[in-house]
Amino acid sequence: MTNEETRHIRSLKGEFMTNEEFQTIVLKKFDTMEGRFDTLESDLTSVKTKLDAVADQVAVLTEFKTDTEQYFTDTKETLNFILHKELLNEKEVFLLRKKQAQ
C-alpha cells in the first residue's frame with residue numbers, strides 16, 4: 001500500500017497526518033514544482049534565443065527586399081530609357097533613309 005493510500009485510510013478513520021508528514025509532502029511537491037520551473041525557465045531562454053535569431057533574419061530579409069525593389073525599379077527605368085532611345089534612333093534612321101531616298 002502506498003503512503004497516499006495509507007493517509008487516505010487514516011483520514012477516513014478520523015486520523016490525521018502529523019505535522020512532519022505534512023511538511024514532507026509539501027517539500028516534495030515544492031521540489032517537484034521547483035524542477036518544473038527550472039525546466040520552464042530553460043525552455044523560455046531557448047525560445048528567446050531562437051526568437052532573437054528570427055528577428056535578425058527578418059531584419060536581413062527586409063533589407064534584402066528593399067535593396068531588391070530598388071534594383072528592379074532602377075532596372076525598369078533603365079530599360080524604359082533604352083527603349084525610348086531606340087525608338088528615337090529608329091525614327092532618326094527612318095527620316096535619314098527617307099531623305100536619302102528622295
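Student: Why is Val26 called partly exposed?

Tutor: Val26 has 39% relative accessibility. Buried means under 20% relative accessible area, exposed over 50%, and partly exposed in between (1.4 Å probe, protein chains only). Therefore Val26 counts as partly exposed. This is a predicted model, where local features need pLDDT of at least 70, side-chain atom pairs count only at pLDDT 80 or more, and totals for chains, interfaces and linings use all residues. Residues are numbered from 1 along each chain as its sequence is written, and side-chain values use heavy atoms, with hydrogens and water left out.

Student: Which residues form the negative patch, and what makes it negative?

Tutor: Asp31, Glu34, Asp38 and Glu41 form it. Asp and Glu count as negative, Lys and Arg as positive, while His and the chain ends are not counted. A charge is placed at CG of Asp, CD of Glu, NZ of Lys or CZ of Arg. Asp31 has 47% relative accessibility, so it counts as partly exposed.

Student: Where does Asp31 lie?

Tutor: Asp31 lies in helix H2, residues 19–101, and Val26 is found in helix H2 too. Helices (H or I, at least four residues) and strands (E, at least two) are DSSP runs, numbered from the N terminus. The chain has 2 helices and 0 strands.

Student: How do you know that Glu69 and Lys65 form a salt bridge?

Tutor: Their side chains meet at 2.8 Å, N to O. A salt bridge needs a side-chain nitrogen of Lys or Arg within 4 Å of a carboxyl oxygen of Asp or Glu, so this pair qualifies. Glu69 and Lys65 are separated by about one helical turn because they are 4 residues apart in helix H2.

Student: Why is the aromatic pair of Tyr71 and Phe72 called tilted?

Tutor: The structure holds 1 aromatic pair. Tyr71 and Phe72 are 5.9 Å apart centre to centre, with 55 degrees between the planes. Rings of Phe, Tyr and Trp (its six-membered ring) pair if their centres lie within 6.5 Å; planes under 30 degrees apart count as stacked, over 60 as edge-to-face and the rest as tilted. Therefore this pair is tilted.

Key:
Patch = residues over 30% accessible without salt bridge, like charges linked within 9 Å, V, L, I, M, F, W, Y side chains within 5 Å. Areas by Shrake-Rupley, 256 points an atom, 1.4 Å probe, with all protein chains shown as cover.
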